[in-house]
Amino acid sequence: MSRTEEQGKENTICGLVNLTVRCNQDCIFCCDGDVKESGHDLTTDQAKEKIEALRAGGAESVTIIGGEPLVRKDIVELVEYSRGIGLSVGITSNGTPLTEKLLQRLVQAGLTSIEISMHAHSPELSRTISQRFFTPDRQVRALTLLGGLGSAGPGVSINFVLFSANYHELPVF
């Protein structure tokens, strides 16, 4: 089934698997706060068990979330595993860890969709919110890489986390 056919299905049961609380950013609104450094990650086997349980429960797709799931060294393996048991696979990410090599590996593993969480239109506000200087440049890089794949790549969507520090940028976003 093509990506377009998978995304167009009605009444699809989608499950979420939260792999990690670790993140390469320190967003000022993040509810994970102090737990980000706790090291509380699912093991690869635990993640696979959760993915299997979703499939057994009737899920047709899984979205891998975190923290930042792309900081996981086993992310490609988990995407490939999910596809291997018949699930469509999405990832929600801030996009900053995405490189050309990682994207190629994720696509080859069967990634169906990716949602990039962006928090500002202006680079200055993006840096302020994420508390990382690299955020806007790396997010532009990620979106450029994804856009360069066209229909051969995963579906792409933007998640704009709206809160008091950025709501004024919504009209230009």
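Predicted model: local features only at pLDDT ≥ 70, side-chain atom pairs only at ≥ 80, totals over all residues.
**Helix packing, core and a buried histidine**

Biologist: At what angle do the axes of H2 and H3 cross?

Modeller: The axes of H2 (residues 44-56) and H3 (residues 75-84) cross at roughly 25 degrees and come within 10 Å. That makes the two helices roughly parallel (an angle under 35 degrees).

Biologist: Which residues of H2 and H3 meet?

Modeller: Thr44, Ala47, Lys48, Ile51 and Glu52 of H2 meet Glu77, Leu78, Tyr81 and Ser82 of H3, where contact means heavy atoms within 4.5 Å. Four of these contact residues are nonpolar, two are polar and three are charged.

Biologist: Changing topic, how many residues has the largest nonpolar core?

Modeller: The largest nonpolar core has 27 residues, being a set of buried residues joined through side-chain atoms within 4.5 Å. Leu98 is among those with the most contacts inside this core.

Biologist: What is Leu98 in contact with, leaving aside neighbours within four places in sequence?

Modeller: Its partners are Leu70, Leu103, Leu106, Ile114, Arg141, Ala142, Leu145 and Leu146.

Biologist: And His119, buried or exposed?

Modeller: His119 counts as buried (under 20% relative accessible area, with a 1.4 Å probe and protein chains only), because its relative accessibility is 7%. His119 lies in the loop between S4 and helix H5 (123-130).

Methods:
Residues numbered from 1 in each chain as written. Heavy atoms only, no water. Axes fitted to C-alpha atoms, helices over the stretch in contact; angles between N-to-C directions. Helix = DSSP H or I, 4+ residues; strand = E, 2+ residues; numbered from the N terminus. Parallel < 35°, antiparallel > 145°, perpendicular 65-115°, else oblique. Nonpolar A, V, L, I, M, F, W, Y, C, P; charged D, E, K, R; others polar. Buried < 20%, exposed > 50% of the residue type's maximum accessible area, 1.4 Å probe, protein only.
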